[in-house]
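Have the sequence to hand as you read.

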Amino acid sequence: MDENAPIVAVDRLTHRYRERIALDGVSFEVAAGEIVGLLGPNGSGKSTLFKALSTLITPAGGAARVCGHDVVQAPDLVRRCIGVVFQNPSLDKKLTARENLTHQGHMYGLRGGPLRERIASLLGWVGLQERAGSLVETFSGGMVRRVEVAKAMLHEPQLLLLDEPGAGLDPGARRETWNMLCDLRESRGATILFTTHLMDEADSADRLVILDQGRVVAVGTPSQLRSQVGGGVVRIEAAYAQELASDVRQRFGGEPRVLDGAVYVERPDGFAFVPQLVEAFPGRIASVAVGKPTLEDVFMHHTGRRLYDGFEDEDSVAFHSPQRRRGR
Amino acid sequence: MQAAHVTDAKATASPLMLAAVSLAKRELVRFLRQRSRIIGALATPPIFWLFIGSGLNRSFQPAESGLGSPGSGLGEIARTGPNPQSAIRNPKSGYLAYFFPGSLVLVVLFTAIFSTISIIEDRNAGFLQGILVAPVSRTAIVLGKVLGGTVLATGQGLLFLALAPLAGIKLSVAGTLGAIVLIGLIAFALTSMGVVLAWRMDSSAGFHSIMNLLLMPMWVLSGAVFPTEGASAWLAWIVRVNPLSYGVAGVRHLLANSGTAFAGMTLATVVTLAFAGVMFLLAVAIVRLPRGNLT
């Protein structure tokens, strides 16, 4: 594989679960040394994409190459070059940290002295060398995540794949994890691809691929994506949102959206717009908020829907209610 | 930093035995670290055997069979042939002795079930995820699981065998060794079968149903609980078709030196070997199937 080839090259990848289309012609690339995030709500296909790239499933159509190898034709070659950190812990709780890493090493053909040294060095790097001999079931969520990252890096893969790295962690542990990941990129030259539905986490990426319902809706750096929205986003709470929205459209033009009982307007002159708005519709507005566009606004701009479906919040794992459980 | 480059020319999966042995070791370590599991696993078949065996002990009179000379355990049922008048009540034989080989096989069955039920939880949210994305051949994954289950079952079988004298069974060295080997083979077969059943399942509730509808009847109808002589014809037929029956027959022959009407030692061994082989190959085939449609 030549030096400039992308580490990940996805070309019109498709997949379905029975009749439901999970991936609908997804294409994108990841260059060496990048940190790329796959951002999307639940059901957007990012989990399916993750499973396809980590060779857990065989996609129905299209192609994906990781480290230059096709995920369907040469899965073992792909597996050699990737390290995977799953959303659910993939450690054996009844084994110690060291035992878990030893088993992992054996799976990659590592053994004996060199393996032991590597384990010691990795556990040291994640700051867990004193707990190497403790059972994993005694570890906190953040510690488990650290062992998982150590485990994924054991065989020095070129690409690290993470599924919702911040999920289930408190903000401190999440920060810790991200410091570790950035360090990995700086000191070890790893390429990182992760999935997320959290805006803060997405901001840590060099580039984002935004997914919705199995399709790529936008690609770019977080700032590029935000500037696509332009200016500011004005959020208006009003008793009769629909009417207000059409009145705003009539009076000021543009494409106001109504979501969850609030009106959203994108305006280049966001802040200056507020007094005009309030003067134009006296008494009808309950509150106005203006802000620079967030990634959620970016998502809304492209899809017309919210990134959060109202069941999730920043600090907890998404709650899947039965109707919303469409499989990941 | 140099990444671990692998050229396209050579084989890319990790050494088979290294992975398989590592996985098997993990099964053993896990088992030994879960005390409640150990007690549950070890205690149930002996208790079963002791209570049911003692309860039915003297009521047990296999129909149309000679029980053989006193002190020989169960006697040569096959050789003496139907002879209603010689239904001797021998206090040294009886159900406790008859039920022993079947209970030994039950120990193996329980271990096989425990080994494979963990596959279901492990695969979606646990250890197995990490294994499946590693360059490990699928054969090694199956082999590791099956070897682990086999060693566990054989170990527990050995412990159960220590109770044999309680049933009046005299163990010869050759008989015991042979029984251990045969138990190992049966364990290999049943654990492989467990993999075949569990691999495509998404919930352990489904596996519990399979356990009740398939595995337990399989054991009940293997000559473990009742002999074919005296059973209704259709039941006797099922016993003969059940591969597990041949394993039980072999164990019975090795331990108590008593035969069954439908299988001698040679046939028992051959069928059990075939059972183990076929199940293992099926397990590897199932694990190798590309997964696409399951979420």
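Start at Val10(A). Skip its neighbours within four places in sequence, and Val10(A) is in contact with Val26(A), Ser27(A), Phe28(A), Leu49(A), Leu53(A), Ala63(A) and Ala64(A). Keep in mind that this is a predicted model.

Now zoom out a bit. Val10(A) belongs to the largest nonpolar core, a set of 109 residues. Which members touch the most others? Besides Val10(A), they are Leu49(A), Leu53(A), Val66(A) and Leu193(A), together with Leu190(B) and Phe207(B) from the other letter in the list. Helix H4 of chain B, residues 95-125, puts in the largest share of this core, with 17 residues. Apart from this core there is another one, made of 50 residues, including Ile35(A), Leu208(A), Val229(A) and Val233(A). As background, nonpolar side chains in soluble globular proteins tend to be buried together.

Next, head for the cysteines. How many disulfides does the structure hold over all chains? There is one, and Cys67(A) and Cys81(A) form it, with their sulfur atoms 1.8 Å apart. Cys67(A) sits in the loop between S4 and S5 of chain A while Cys81(A) is in helix H2 (residues 75-81) of chain A, so the bond ties together parts that are 14 residues apart in sequence. The torsion about the S-S bond comes out at about 75 degrees, so this disulfide is right-handed. Are the two partners buried or exposed? Both Cys67(A) and Cys81(A) are buried. For Cys67(A), the relative accessibility is 3%, and it counts as buried because the cut-off is under 20%. Cys182(A), on the other hand, has 30% relative accessibility, so it counts as partly exposed.

Stay with Cys67(A) for a moment, and look at its backbone. Most residues other than glycine have a negative phi. Cys67(A) is not a glycine, yet its phi is positive, at about 55 degrees. The strands on either side of its loop are S4 (61-66) and S5 (69-70) of chain A.

You'll find Glu164(A) in the loop between strand S7 (159-163) and helix H6 (171-188) of chain A. What is the relative accessible area of Glu164(A)? The value is 1%, so this glutamate is buried.

Notes: Residues numbered from 1 in each chain as written. Chains lettered and ligands numbered in written order. Predicted model: local features only at pLDDT ≥ 70, side-chain atom pairs only at ≥ 80, totals over all residues. Heavy atoms only, no water. Helix = DSSP H or I, 4+ residues; strand = E, 2+ residues; numbered from the N terminus. Buried < 20%, exposed > 50% of the residue type's maximum accessible area, 1.4 Å probe, protein only. Disulfide = S-S within 2.5 Å. Core = buried A, V, L, I, M, F, W, Y, C linked by side-chain atoms within 4.5 Å. Contact = heavy atoms within 4.5 Å.
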